[in-house]
Amino acid sequence: MMDWAVALVFLKLGCVGFGGGYAILSLMFESIQPLSLITMERFQDLIAVSQITPGPVAINTATYVGYLSGGWLGAFLCSIALCIPGMTMMYLMVVFIRKGRKLGIVDSILGKVRVAGIVLLIVSGLFIAEGTLFDAETMSPDIIQMCIFADSLFVCFKFRPGPVKLILIMGAVSVASGLVVEMVL
């Protein structure tokens, strides 16, 4: 049976989800957590899997949570609920931009929206980092994860491998470090 409250949550998220899928991840978790559909650890796993599957992370997340709530119908409704507000706003923005460019106010408004998008991305990055770099129960640092994070930053900024290569490289590093830890312990 479909829980319509879940679809309503994603409709609301679609209305305020500026900055793209990653920008609304923390807001998404905070919104669905009261419904007790998914734990923080499972949500973090969902984000990781969504990064290697086709499609935007927010849609993948909405589809999965919708599926948990109401099967295939829930997956469909939550995905559509997340998309409809954005598609509507995009249509209205195109109309506004076409008319507003002549007035000169569009560039000023879009500049401010970009700043808000950057802030949302940073907040979501910190949200993901909290669940990845620290033990969920004790909030003590996970040294191996922090080293992998630092290595990822180094590889990213030094060699600029692109997202797919970076994920493959750091996935191999993660597997290798896991094997070393297993051998040592």
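Trainee: Which residues of α5 do Leu25, Ser26 and Phe29 in α2 meet?
Mentor: The model is predicted, so local features need pLDDT of at least 70 and side-chain atom pairs count only at pLDDT 80 or more, while totals for chains, interfaces and linings use all residues. Residues are numbered from 1 along each chain as its sequence is written, and side-chain values use heavy atoms, with hydrogens and water left out. With contact taken as heavy atoms within 4.5 Å, and helices as DSSP runs (H or I, at least four residues) numbered from the N terminus, the α5 partners of Leu25, Ser26 and Phe29 are Val123, Ser124, Phe127 and Ile128.

Trainee: How are α2 and α5 oriented towards each other, given that their axes cross at roughly 60°?
Mentor: The axes, which are lines fitted to C-alpha atoms over the stretch in contact, with angles from 0 to 180 degrees between N-to-C directions, come within 7 Å for α2 and α5 and cross at roughly 60°. Because angles under 35 degrees count as roughly parallel, over 145 as roughly antiparallel, 65 to 115 as roughly perpendicular and the rest as oblique, α2 is placed relative to α5 as oblique.

Trainee: Where α3 meets α5, which residues of α5 take part?
Mentor: The axes of α3 and α5 lie 10 Å apart at an angle of about 110°, and the two helices are therefore roughly perpendicular to each other. On the α3 side the residues are Met40, Phe43, Gln44 and Ile47, and on the α5 side they are Phe127, Ile128, Gly131 and Thr132.

Trainee: Are α2 and α4 roughly parallel or roughly antiparallel?
Mentor: Helix α2 (residues 25-32) and helix α4 (residues 57-100) pack with their axes 11 Å apart and at an angle of about 15°. That angle makes the relation of α2 to α4 roughly parallel.

Trainee: Which residues of α4 make that contact with α2?
Mentor: By class, the contact of α2 with α4 has six nonpolar, one polar and no charged residues. From α2 come Leu25, Met28 and Ile32, and from α4 come Val57, Ala58, Thr61 and Val65.

Trainee: Which lining residues lie nearest the centre of the largest pocket?
Mentor: A pocket is an open set of points on a 1 Å grid over the protein atoms alone, where a 1.4 Å probe fits, with protein on both sides within 12 Å along at least five of seven lines, and lining residues have an atom within 4 Å of a point. Here the lining has 20 nonpolar, eleven polar and four charged residues, and α3 (40-52), α5 (106-133), α6 (143-159) and α7 (163-184) each supply at least two residues of it. Of the 35 lining residues, those nearest the centre are Gln51, Ile128, Thr132, Phe149 and Ser152.

Definitions and conventions. Nonpolar A, V, L, I, M, F, W, Y, C, P; charged D, E, K, R; others polar.
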